[in-house]
Each structure stands twice: as structure tokens, then as C-alpha cells.
Amino acid sequence: MIELIIPAIISCILAFFVVYFTTPPLIKILVKKNYTVKDMNKKENVMVARPGGISIILGIVVSELVLYGFFQLNEILAIIITTTAAFAIGYVDDRKVMGGWFKPVTLAIAALPIIFLGAYDSDLAFPLFGDVQIPLLYLGLIIFMIPITGNTINSIDVLNGVASGFMVIASFTLSICLFILQNYEIAIVSLPLGFVSLAFYKYHKIPSKIFPGDSGALTFGAMYGVIAIIGGVEIIAAIALLPAVINSFLFLSSVKRVVEHRQIKGKPVEHTDDFKLKATNDKTAPVTLVRLILAGGPLTEKQIGFAIFKLAIFSGVLAIITAFMMGVSL
Amino acid sequence: MKSGLYGFLFAMWGLIIIGGGIMVVLLGPFSIQQYGDFHWIITSGIKVTIALILVVIWILILSKLKNYIFKKELKF
């Protein structure tokens, strides 16, 4: 156990400080190159640097390479390759507007290294009832998992600090669950995601100095998905991600097709005179998590962010309860 | 409103646990042996089909639940 503590500490420190120190110069470079977008939820004409995915992937790759130096696990290679591929896919989408098919298809391809490296166990573990062996079905699950987690995190990246703050809660929850299940190596391998998210949150929180962009959101989501697979905690990971899953579910069930947000004409929310957000009555607009939160009345961007974080903490508690239930058999 | 969201989260969690139970109890022990070397492919194919049907049923239940919990809010 003691031999795991030193790599864990080194990788967590590296993950946090690489993002902490590379993000400010990245913001300067992006602003200088005019890679900025308007913050739609600010009264003034505020331009924010994008994409922040570059510092996020740097923090992940550096910390995971250090861990690979200690452990030489194929699981770590799977994280590095799939997450870097997801970053590249997101970066292409940040630079050039791609069709609705682009991200799901390419992210499915990005999941293939997990299979080729054999970094998975085809038993799917459920609380109370035990494991089920699904060798063929599990391959399909891997292919679907990365596009789902990637796009789920991307879909919740709608307000200042929400994607990174949500990721802090969900990823640390997943790490705690892996420790509860005594899967110590993968728990340590998962920790950098939480620390990278935490460091990025410092610059992403309201008022944002940088947006993660598709490259950042897909990097977060893809790494989360890979950890779920290599750690054998797919169900727990899905539970910790439930508020974001609800957002995607509400969106898809109201729109009834896979479509990019930018292609939707109806606006789910609008601004009041004092620039709070309120739900619209537009029947053509998609139902989203933010729209449901605003159904009770207008709120500030900060209040909505905290409402989402509270939901994430609630899901995190349910995920931890589920991890304890894994040890119980009916 | 917010209590509705927490209720919906809790209901989704319950559905996941129950769905998992069905997967383990029904799909886990399911096996076909009389097709020689290909039995595992046929077994897996049937398991995939049942799992997909379960997913569709799960989404339908969730949709009904969403309409019930958010019936006031979904009058947008």
C-alpha cells in the first residue's frame, strides 16, 4: 500500500499544478490570437478565451505518464490514448463546425484502444445481485460508453464553471468508490482527473476567464468513461453522472433526434431585465436541466450552477451508497 | 421544482438497481449449448437483444416518470 502513496501524491500534484500554471499563459495566447467567444450570459460584451482543453489534456497526459512510469499498466495507456483522441476530436470541433454525427462516430473509434489493449473486464458488476458475464455485449458497451460520457459532459457545459465543477464532484466520487471497492491502482490512476478539473475550475468558475470548449469537455468525459470501464465501475459511474444524464435524456426526449445544440432554433432560456435567467414558454425549445431548474422562477447564473452542484453531490452520495451495496449480495 | 429533480434522480437510481437485478437474474445464467463452437455467439446475440429490449422499456418507464414528476413544469 505504501508503494502506491508516493506515485499518487506526485501525479495529483502534477495534475493540479500543470493546469494551474499553464492555463493563464494559454488564456493570453488565445486572447492574442483572437480565439475568444462571447459570454452570452453577461450584460456587458464579455469575450472569453476558448478552448481550454489544451491545458486540461496537458495535465492529464503528464500525470498519467508519471503513473505509467511507476505501474506500467495497459489501463493507463488506454486512458492516455483514448483521452488524447477525444481531445483531438473536440479540438477539431472547436475550430471547425462539424455535423451532428462527427463526435459520436469519432469518439466510438477513440474507444477502440481500450479493446485492443485488453484494458477491461467483460463482467458487468451490479449492486446486490452480483456480476453478469456479457463478453460480446460488453464490447458494444465500450464503443458506446465513450461517446455517451463525452457528449454528456459536453451537454452540461452551458454556464460558467458548471462542466469543470461538476467534473470535480463526479470524478472524486468515482475515486472514492474505487477506494471503497479496494481497486487501489485504478483509484490512484483516476485521481488526476479530479485534480485537473479542480485546477481548471479556478479559471472557469464565474466569471469565466476561459471556456473548456468541446476539446475540454470531451477530454473530461472520455477520461471519466475510460476510468469507469477499466475500473469495472460502469454502473457507479453512471449514477455519479445522473444530473448530466438527465440533461441529455430530457434534451433527446424533447428533440427526439441526435442533433447539435447550435442547430436548435427555439431558446429554452432567456434573460430578464436584471440579466437573471428564466425559462421560456417556447414549445419548440428543448427541455433541459437548466430549464427545469428555472421553472421555479428566474435565477442568476451562479445560483443555477450551485443548484446543479447540489444535484451532483446528491448523485455522488447515491453512487457511494451503491459502492457499499456492491459488497452486499441478496 | 428542485424536490422533483431530486425525486427523479432517486427514481433513476432505483431503476438502475432493479434493471441490474433483472440483468443478473435473467441474462446472467442464460446459455444455449446445442450449437457446438458457436453457442457463445448465439447466446451473446440473444443476450444483446434482451438487453436492448430492457433498455427500451427502461427509457419508456423513465419518460412516463418524467411526465408525471414534471407535469406542471413541462407545460412550456
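Predicted model: local features only at pLDDT ≥ 70, side-chain atom pairs only at ≥ 80, totals over all residues.
**Exercise 1. State what share of chain A is buried, and what share of its contacts with a separation of 6 or more joins residues 24 or more positions apart.**

Step 1. A residue counts as buried when 20 or more other C-beta atoms lie within 10 Å of its own. Of the 330 residues in chain A, 54% are buried.

Step 2. Among contacts in chain A with a separation of 6 or more, 76% are between residues 24 or more positions apart.

**Exercise 2. Classify the packing of helix 2 against helix 9 in chain A, and list the residues that make the contact.**

Step 1. Two packed helices are described by the angle between their axes and the distance between the axes.

Step 2. For helix 2 (residues 53-71) and helix 9 (residues 213-230) of chain A, the angle is about 30° and the axes are 7 Å apart. Angles under 35 degrees count as roughly parallel, so helix 2 of chain A is roughly parallel to helix 9 of chain A.

Step 3. Helix 2 of chain A contributes A:Gly53, A:Ile56, A:Ile57 and A:Ile60, while helix 9 of chain A contributes A:Gly213, A:Ser215, A:Gly216, A:Thr219, A:Phe220 and A:Met223.

Step 4. Sorted by class, this contact between helix 2 and helix 9 of chain A has 5 nonpolar, 5 polar and no charged residues.

**Exercise 3. Describe helix 7 of chain A by its span, its burial and the residue that follows.**

Step 1. Helix 7 of chain A (residues 162-180) has 19 residues; from first C-alpha to last it reaches 27 Å, close to the 27 Å expected at 1.5 Å a residue.

Step 2. Since 15 of the 19 residues of helix 7 of chain A are buried, this helix is largely enclosed by the rest of the structure.

Step 3. A:Gln182, which follows helix 7 of chain A, has a positive phi, near 60°.

**Exercise 4. Characterise the side of chain B that touches chain A.**

Step 1. The contact involves 28 residues of chain B and 35 residues of chain A.

Step 2. On the chain B side, helix 1 (2-27) and helix 2 (39-69) are the elements that give two or more residues. Helix 1 of chain B gives the most, with 15 residues.

Step 3. By class, the residues on this side of chain B are 19 nonpolar, 5 polar and 4 charged.

Definitions and conventions
Residues numbered from 1 in each chain as written. Chains lettered and ligands numbered in written order. Contact = placed C-beta atoms within 7 Å. Helix = DSSP H or I, 4+ residues; strand = E, 2+ residues; numbered from the N terminus. Nonpolar A, V, L, I, M, F, W, Y, C, P; charged D, E, K, R; others polar. Buried ≥ 20, exposed ≤ 12 C-beta atoms within 10 Å, placed from the backbone. Axes fitted to C-alpha atoms, helices over the stretch in contact; angles between N-to-C directions. Parallel < 35°, antiparallel > 145°, perpendicular 65-115°, else oblique. Expected span 1.5 Å × (residues − 1).
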